[in-house]
Amino acid sequence: MASITLEKLVKRYDKVEAVHGIDLEIADGEFVVLVGPSGCGKSTTLRMIAGLEEISGGELRIGDEIVNERAPKQRNIAMVFQNYAIYPHMTVRENIGFGLYTSSLSKDEKNARIEETGRILGLTDYLDRRPAALSGGQRQRVAIGRAMVRNPSAFLFDEPLSNLDAQLRAQMRIEIKKLHQDLKTTTVYVTHDQIEAMTMADRIVVMKDGYILQTGTPVDLYENPADVFTARFIGTPSMNMIPMAALAGKAGLPDHDPDILVGVRPHDLIVNAPKEGAILTISGQVEACEPLGPETMVHMRVDGEPVIATLPGNVAPPVGSIVECSVETGKLYLFDAKTEKGLGRK
Amino acid sequence: MTDTDRQEALSRYRIKIQPGRILIWTLLFIGGIVMITPLLFMFSTSLKPASDVYDLRLIPAHPTLSNYVAVLTSTGFVRWFFNSMLVAVSVTCSNVFFDSLVGYTLAKFRFRGRRFIFLAILSTLMIPTEMLVIPWYLMSANFGWLDTYWGIMFPGMMTGFGTFLMRQFFEGVPDDFMEAARVDGMNEFVIWWKIAMPLVAPALSALAIFTFLGNWTAFFWPLIVTTSSELYTLPVGLSSFAVEAAIQWEMIMTGAALATIPTLLVFLLFQRYIVRGVMLAGVKG
């Protein structure tokens, strides 16, 4: 196992800079998730760590060694790809064993490791099958097995669950998380799915346009987003962003600076909540409802701004009706409308 | 079940006569006859004595295997068969190796001049073989390759078509496979050999089959480059049965019938791959 350090890491494709000098310290054994929208540079960063992309500037260290110029095989890392990248002409056993191709272990030792990896991943009964005879989840497990079998210093995952259906994705999330808890290997995981990031990460790194916007634990990012992008990206449904001007005259808010955006998470904006202790009470016209069982998401419009609120229970107010909802003190997030930087909570 | 129901059920299984289908089957039947007739005459003539060669009956009046005995014992047939096999197998192996290696490099590596090299290789497809024969001959003469195995083989050891075909197929192999192997510590040659090559097996089969058949039946260049009968390939050797004094049709047909055996075997064994290869080549190209 090893720590990974990125210092002013830059990636340029000809004249276009895709990653702009990012700094990141990943501790030994830590599970770090790089999250952001397509084109934010998260996969490029991962590929630079893997050695699959040349580093245009800055320094990459694995453990104490600078590895900028080292080939992927010299970095002792293992990578799991979005498309599994398991070889269709090899059996599961051969696929897992391929990770040991260059190892100096004896044949018996290699076999023992393959069997053990298969056992951990629940693939014992499938070792002699080819990938075509496996389900998506099993294939992804084979890909993980090939990475695991080498005992690498770090695991790199590049959107490994993107091709799976929602149910399997949830299952695999837990399996990968458990695996990390057992192996305690440093892991860098790339995804654009904030739920994956929130549920799996020790620490999340939010990226956008080749920059790191914020780094922190899932709860930290959820509770204290540094800017509008992070606030909206983390949490489902996204945080409501209402210009302060649209709230002029509404109860509770002490000032009405037009250069301020007011953020409120849909789960903190409760329909028909008691007004005592509320910092803000707004009313809006219902446009649509999404009953989720224990709660209903109410889509409405407040002074022309789209807002999502929560109604506890499985009761949907009629479309077109006017509903009132309130936010407790401490649940409002204020942002500078121009710089989009966070200004704290109210 | 009532009678009406039974009639309806039966009518569902009755073959409907479609005029278009009849036309297609007729055309296919005529095409089949046109293609198979020369083959049947070849086998038929090979079983006729020399005196009956111009008797055009398909079933020989006096069938005999004497032509086969004569071809196999009193001509250089066995040697020519060996020469053809050696040339066809060597050229096929060389093509499978070099065409796929170059195709892989052009498809999967980014380097300066990659596009130019590819276009240069592609442009060789536009030059007819007849135009290349003179430079090939001069080259063979200068290097002392005339009347040698190498002289027969060298022009086909690597082809623009094969390189183009393989490059197109390797383009379709996801980079993730190679990158995963790179991370796993493989060197580039092992990645090509153990990962990329099996993934393009249908294309390799098609390339191997077409190259083998092309070289097995090659006549023009082997005729030009060889002078001694020990180095004749089968088509050249068989053509030597036709001399100014007489054309020994029964011997030519017997030799040709024997020469089709490897071709037929290749077709029978690899028919699946040939069809798939041709289909894939059509889709990919």
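This is a predicted model: local features need pLDDT of at least 70, side-chain atom pairs count only at pLDDT 80 or more; totals for chains, interfaces and linings use all residues.
Chain A contains an open sheet of six strands with mixed pairing, in which the strands follow the order β6-β7-β8-β3-β9-β10. At the edges of this sheet lie β6 (77-80) and β10 (211-216) of chain A, each of which pairs on one side only. From one strand to the next, the twist averages 20 degrees.

Within the sheet, strand β3 (residues 31-35) of chain A pairs with strand β8 (residues 186-191) of chain A in the parallel sense, and the pairing extends over five bridges. Val35(A) has Thr191(A) as its bridge partner in β8(A). Helix α4 (residues 136-148) of chain A lies across β6 and β7 (154-158) of chain A, and the helix runs at about 175 degrees to β6(A).

## A salt bridge between distant parts of chain A

Over all chains, a search of the whole structure finds 24 salt bridges. In one salt bridge, the side chains of Glu159(A) and Lys42(A) meet at 3.8 Å, N to O. Glu159(A) sits in the loop between β7 and α5 (166-183) of chain A, whereas Lys42(A) belongs to helix α1 (residues 42-50) of chain A, so that the pair links distant parts of the chain, 117 residues apart.

## Helices α4 and α5 of chain B

In chain B, the axes of helix α4 (residues 77-108) and helix α5 (residues 114-123) come within 10 Å and cross at roughly 140 degrees. Angles over 145 degrees would count as roughly antiparallel, and α4(B) and α5(B) are therefore oblique to each other. The crossing in which α4(B) passes α5(B) is left-handed.

On the side of α4(B), the contact is made by Val102(B), Leu106(B) and Ala107(B), and on the side of α5(B) by Arg114(B), Ile117(B), Phe118(B) and Ile121(B). By residue class, the contact of α4(B) with α5(B) comprises six nonpolar residues, no polar residues and one charged residue.

## Helices α9 and α10 of chain B

Helix α9 (residues 175-183) of chain B packs with helix α10 (residues 188-199) of chain B at an angle of about 145 degrees, and their axes are 10 Å apart. Here α9(B) passes α10(B) in a right-handed crossing.

Phe177(B), Met178(B), Ala181(B) and Arg182(B) of α9(B) make the contact with Glu188(B), Ile191(B), Ile195(B), Ala196(B) and Leu199(B) of α10(B). The residues of this contact between α9(B) and α10(B) divide into seven nonpolar, no polar and two charged.

Conventions:
Residues are numbered from 1 along each chain as its sequence is written. Chains are lettered from A and ligands numbered from 1 in the order in which they are written. Side-chain values use heavy atoms; hydrogens and water are left out. Axes are lines fitted to C-alpha atoms, for helices over the stretch in contact, and angles run from 0 to 180 degrees between N-to-C directions. Helices (H or I, at least four residues) and strands (E, at least two) are DSSP runs, numbered from the N terminus. Angles under 35 degrees count as roughly parallel, over 145 as roughly antiparallel, 65 to 115 as roughly perpendicular and the rest as oblique. A crossing is left-handed if the near helix is turned anticlockwise from the far one by less than a right angle, and right-handed if clockwise. Contact means heavy atoms within 4.5 Å. Ala, Val, Leu, Ile, Met, Phe, Trp, Tyr, Cys and Pro count as nonpolar, Asp, Glu, Lys and Arg as charged, and the others, Gly among them, as polar. Two strands pair if DSSP finds at least two bridges between them. A salt bridge is a side-chain nitrogen of Lys or Arg within 4 Å of a carboxyl oxygen of Asp or Glu.
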